[in-house]
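Visitor: I would like to learn how to read a structure like this one. Please show it, and then start with the surface between chains.

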Amino acid sequence: MKKYDLRTLFFLTLCCDLGLLSKRLISPAANLITDALHIPGGIGTSFSLMFLVIASALTAQLGCAALMGAVQSGIALAIGMVGSMGALSVIGYVMPGIVIDGLMWQTRRLGVSEESAIVLANATASVCASMTANWIVFRLTGVILLLYVCVSVTSGALCGMLGAKIARRLRPVLPVRGERKNCGEQGGARE
Amino acid sequence: MKKIRWTTMAVVGVLLITGIAAGLRLAAHTETQAGTLRIYQGKTCKEVVLASFAEEPISGTLRNGKGEEQQIEGTGVLLSSLLRDAGVTAYDAVTVTADDAYSAVVYAEEIDAGDRVYLMPQDDGIRLLVFGDSNSKRSVTDVVSITVS
């Protein structure tokens, strides 16, 4: 396993903290949308997961997002930011991380462009987080569950697009291992 | 360039599907007047006004997941009284659902305990209070329906 250098570790720590805090910051705005749609959430987590996806894309190391998810769950448990999930929130933090790692690794192998990979990973991780929350807490069914998942996918994809832009801006200032072969300005696919 | 189009098209696609799902949800959603509850039992639905039930003084402490305590003082309706007065006599569990579909299940022994489960009218809607929980996640706000099972 490749080691993380100090600068990367600082960056990962920053992404962990931003991921946790951004959830709180964005929730008033997100609640406006979810209240109007009469669903219990699904937007704030997508924005929070964006930081894990960016970190995973820039460090290009398998297990990075899962590790960050585990760290986030530890911080959340320590400061009591566990919401309705209680101690099971560990699953809610780690599962999306595993999904991000799996997708980023697979898309890297398949030569998918960075932008597409980030959008896909963010959207899928958001659905994973929503389904985990639904399984543990909400127990939604039918149309409500469909809308809840759709909102998660949409917000995840939009946050992924934003994340791809941020990752492109950050790439020059961060050390990158295993950079995608064709992830230029617009992120083209491998021939 | 092709990949950008693919990504953008995919996002537009999920936005459209979300729009359709939102339309279905809003069409199926029943607007409830403030202070009103719908009680579902089997295939029947009864709408009741909370203010029409006898209110009792409430005094107790709720504890959240962080261990923080919140002192509750006010008046509200015992869930057992509400169910009895609404003609619901047999129940094993009751699912209390908020306007955003968040729900909590309260069991018969908790409801029948006497002074444990209340519905309290507040400015932002009706609130379910379950005293004695180690984590107040069953403190549902903006309650709109009760499903008896």
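Guide: Buried area is the accessible area, taken with a 1.4 Å probe, that two parts lose on being put together, summed over both. Chain B and chain A bury about 2400 Å² between them, with 70% of it on carbon and sulfur atoms. Helix 1 (residues 2-28) of chain B gives the most to the side of chain B that touches chain A, with 15 residues. Helices (H or I, at least four residues) and strands (E, at least two) are DSSP runs, numbered from the N terminus.

Visitor: What should I know about the model and its numbering?

Guide: This is a predicted model, in which local features need pLDDT of at least 70 and side-chain atom pairs count only at pLDDT 80 or more, while totals for chains, interfaces and linings use all residues. Residues are numbered from 1 along each chain as its sequence is written, chains are lettered from A and ligands numbered from 1 in the order in which they are written, and side-chain values use heavy atoms, with hydrogens and water left out.

Visitor: How many residues of each chain are in contact across the interface of chain B and chain A?

Guide: Contact means heavy atoms within 4.5 Å. On that rule, 25 residues of chain B are in contact with 31 residues of chain A.

Visitor: How many salt bridges and polar contacts does the rule find there?

Guide: A salt bridge is a side-chain nitrogen of Lys or Arg within 4 Å of a carboxyl oxygen of Asp or Glu. A polar contact is a pair of N or O atoms within 3.5 Å; within protein, one must be able to donate a hydrogen and the other to accept it, and residues adjacent in sequence count only if both atoms are side-chain atoms. Across the interface of chain B and chain A there are zero salt bridges, and six residue pairs are in polar contact, both residues being at pLDDT 80 or more.

Visitor: Are A:Glu114 and A:Arg171 buried or exposed?

Guide: Buried means under 20% relative accessible area, exposed over 50%, and partly exposed in between (1.4 Å probe, protein chains only). Both A:Glu114 and A:Arg171 are buried.

Visitor: Which salt bridges can I look at in chain B?

Guide: B:Arg84 pairs with B:Asp85, with the closest N and O atoms 3.9 Å apart. B:Arg84 has a relative accessible area of 53%, so it is exposed; B:Asp85, at 48%, is partly exposed. Another salt bridge joins B:Arg116 and B:Glu110, at 3.8 Å from N to O. B:Arg116 is partly exposed because its relative accessible area is 23%, and B:Glu110 is buried at 12%. These two also belong to a network of salt bridges with B:Asp133 and B:Arg138.

Visitor: How do I read a nonpolar core?

Guide: A nonpolar core is a set of buried Ala, Val, Leu, Ile, Met, Phe, Trp, Tyr and Cys residues joined through side-chain atoms within 4.5 Å. The largest one here has 38 residues, of which B:Leu82, B:Leu119, B:Leu128 and B:Ile146 touch the most other members. Helix 5 (residues 114-138) of chain A gives the most to this core, with four residues. A second, separate core of 29 residues includes A:Tyr4, A:Cys64, A:Ala117 and A:Leu174.

Visitor: How many helices and strands are there in chain A?

Guide: Chain A has six helices and zero strands. Of its 191 residues, 54% count as buried. Among contacts in chain A between residues at least 6 apart in sequence, 76% join residues at least 24 apart.

Visitor: How can I check the length of one helix?

Guide: The expected span of a helix is 1.5 Å times one less than its number of residues. Helix 3 (residues 64-79) of chain A has 16 residues and should therefore span 22 Å; its end C-alpha atoms are 23 Å apart, which agrees. The buried residues of helix 3 include A:Cys64, A:Met68 and A:Gln72. Its buried residues pack against helix 1 (6-37), helix 2 (44-59) and helix 4 (89-110) of chain A. After helix 3 comes A:Gly80, whose phi is positive, near 75°.
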